[in-house]
Amino acid sequence: MAELQKEASPNAPDEKTAREALAIPAAAKPVITRPEHCCVSTYWAVIERNGTIVRGRNVVSAQKVAGHVGWYEVIFTGDVSKGVYQATIGRPGIGTETTGEICVAARFGNANGVWIDTHDSAGAYSDRSFHVMAFTD
């Protein structure tokens with residue numbers, strides 16, 4: 001019987017590169033203080049321009065801050081104050097939102113909340129619909 005040769009992937013590293021990758025100095029390795037993938041809580045919401053919740057997970061409420069263009073708060077079911085946040089301007093359904101900018105931060109005075117402000121492309125406050133996520137452990 002003819003021996004089958006194993007064909008190497010064109011993306012596979014050569015032996016020397018593979019050895020170097022495995023020999024990462026201890027100082028360059030990430031420090032893990034608890035088991036990875038343990039107990040991560042996920043919070044997210046899709047918010048319309050007027051501050052109403054379209055859909056979400058672990059979200060209690062959302063609102064536009066009265067009297068201010070582009071200012072919003074989103075309140076989740078748990079403490080997200082020490083988590084990580086991500087927000088993106090986007091429509092809740094088919095189609096895209098007008099381009100612009102978005103900022104997200106912890107909500108002062110409410111550990112369960114995040115503050116969002118949205119802007120047009122010139123940087124002026126402007127109402128935009130958006131998607132926001134928070135992850136905590």
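Me: Which residue stands opposite Glu73 in S4?
Reply: Gln63 does. Five bridges join S3 to strand S4 (residues 71–76), and the two run antiparallel. Two strands count as paired if DSSP finds at least two bridges between them. Strands (E, at least two residues) and helices (H or I, at least four) are DSSP runs, numbered from the N terminus.

Me: Before I go on, what kind of model is this?
Reply: This is a predicted model: local features need pLDDT of at least 70, side-chain atom pairs count only at pLDDT 80 or more, and totals for chains, interfaces and linings use all residues. Residues are numbered from 1 along each chain as its sequence is written, and side-chain values use heavy atoms, with hydrogens and water left out.

Me: And what does the chain average for pLDDT?
Reply: The protein chain averages 85, and 72% of the residues score at least 70. pLDDT is the predictor's confidence in each residue, from 0 to 100.

Me: Where is confidence lowest?
Reply: In helix H1 (residues 15–22), with a mean of 64. Confidence is highest in S4, at 98. Where pLDDT is low, the predicted coordinates should not be read in detail.

Me: Back to the strands. What order do they take in the open sheet?
Reply: S3-S4-S7-S6, four strands with antiparallel pairing. Strands S3 (59–64) and S6 (101–106) are the edges, and each pairs on one side only. The twist averages 20 degrees from one strand to the next. For that, axes are lines fitted to C-alpha atoms (for helices, over the stretch in contact), and angles run from 0 to 180 degrees between N-to-C directions.

Me: New topic. How many salt bridges are there?
Reply: Five. A salt bridge is a side-chain nitrogen of Lys or Arg within 4 Å of a carboxyl oxygen of Asp or Glu.

Me: Which residue does Arg49 bridge to, at 2.7 Å?
Reply: Glu97; the 2.7 Å is between the closest N and O atoms. Glu97 lies in the loop between S5 and S6, and Arg49 in the loop between strand S1 (41–47) and strand S2 (53–57), so the pair ties together parts that are 48 residues apart in sequence.

Me: Is Glu97 buried or exposed?
Reply: Buried, because its relative accessibility is 9%. Arg49 is partly exposed, at 35%. Buried means under 20% relative accessible area, exposed over 50%, and partly exposed in between (1.4 Å probe, protein chains only).

Me: What else does Glu97 bridge to, at 3.8 Å?
Reply: Arg91. Arg91 is partly exposed, at 22%. Salt bridges that share partners join Glu48, Arg49, Arg91 and Glu97 into one network.

Me: What about Lys64, which side chain meets it in a salt bridge?
Reply: Asp127, at 2.7 Å from N to O. Asp127 sits in the loop between strand S7 (113–119) and S8, and Lys64 in strand S3, so the pair ties together parts that are 63 residues apart in sequence.

Me: Last one. Which residues form the nonpolar patch on the surface?
Reply: Val40, Val84, Met133 and Phe135, with about 310 Å² of accessible area together. Patches are made of residues with over 30% relative accessible area and no salt bridge; like charges are joined within 9 Å, nonpolar side chains (Val, Leu, Ile, Met, Phe, Trp, Tyr) within 5 Å. Accessible areas come from the Shrake-Rupley method with a 1.4 Å probe; for residues, only the protein chains shown count as cover.

Me: Where is Phe135?
Reply: In strand S8 (residues 130–136).
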